[in-house]
Amino acid sequence: MNLVLLGPPGAGKGTQAKLLVKALSIPQISTGDILRAAVKEQTPMGAKAKAFMDDGLLVPDAVVVGIVEERLAKPDCVAGFILDGFPRTVSQADSLRCMLEGQARSIEHVISISVDNDELLGRITGRRTCKGCGKGYHICFDAPRVPGKCDECGAELFQRDDDREETMRKRLEVYDLQTAPLIDYYRNASLLRDVRGVGSIESIQHQILSIVQGDVG
Ligand code: ADP
Ligand code: ADP
Ligand code: ZN
């Protein structure tokens, strides 16, 4: 099963992707996570990406397409994958299609998670992430049992640098301008599956699973 999760920052892509990993036993490929790891390790790619990420802008297409191409070539993607946060531009979507066509693969569903901007602001400012295992939390909507500590591995939680209010507004603008056109792009390709991203995390997961398991088209 080859899936794309599409949606604005804070829509719940990462949260839902991690649950899908467990349900479908296929890997999550988050370009944001891969880029943040590169920044932390101070690789040449990380150095190039950092300024864009700090400003809430998209990292150049060639960089992220390269990341995804390399990741999709790994053996754990043979049975499928969940792309989380990629593609984010029409050019990235075209590159993905070409890349997969060359390998006789294709995307089966693009799950578009929609959430209003007011709700997104509250989600992003309250987002926390585990330093150890990467699990995501929200200080109100999905709080850890012990404040500031991960339920699964006990490591400390942190707030992403780009989850501050100014950067976040920029990221929402960038989404509207550069990424939202992908909704029509994938609708025209008959791949788009709309999911309203509001309500409990479990109910949204249930809707996504119904789509990918073929109960709902
Ligand atoms: P969010 O989960 O809030 O949508 P991500 O973790 O996916 O954020 O991305 C964080 C940042 O990493 C983005 O603001 C952007 O700078 C960069 N990034 C991630 N994925 C891409 C992509 N596909 N194309 C360009 N930049 C990307
Ligand atoms: P994305 O990867 O799309 O940027 P995340 O999965 O990181 O989004 O979710 C953003 C924030 O919203 C996180 O703090 C997460 O715990 C919280 N969140 C995710 N899904 C829901 C939901 N259905 N209701 C309320 N908060 C949610
Ligand atoms: Zn953890």
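Predicted model: local features only at pLDDT ≥ 70, side-chain atom pairs only at ≥ 80, totals over all residues.
Residues are numbered from 1 along each chain as its sequence is written, and side-chain values use heavy atoms, without hydrogens and water.

Strand S4 (residues 109-114) pairs with S8 in the parallel sense over 5 bridges; pairing requires at least two bridges found by DSSP. Strands (E, at least two residues) and helices (H or I, at least four) are DSSP runs numbered from the N terminus. Ile113 lies opposite Val195 in S8. Both strands belong to an open sheet of 5 strands, ordered S2-S3-S1-S4-S8 with parallel pairing. Strands S2 (28-30) and S8 (192-196) form the edges, each with a single partner strand, so one side of each lacks a neighbour in the sheet.

Helix H1 (residues 13-24) and helix H9 (residues 201-212) have axes that come within 10 Å and cross at roughly 55°; axes are lines fitted to C-alpha atoms, for helices over the stretch in contact, with angles from 0 to 180 degrees between N-to-C directions. H1 is therefore oblique to H9, a class left after angles under 35 degrees (roughly parallel), over 145 (roughly antiparallel) and 65 to 115 (roughly perpendicular) are assigned. The contact (heavy atoms within 4.5 Å) involves Thr15, Gln16, Leu19, Leu20, Ala23 and Leu24 of H1 and Ile201, Ile204, Gln205, Ile208, Leu209 and Val212 of H9.

Technical notes
Chains lettered and ligands numbered in written order.
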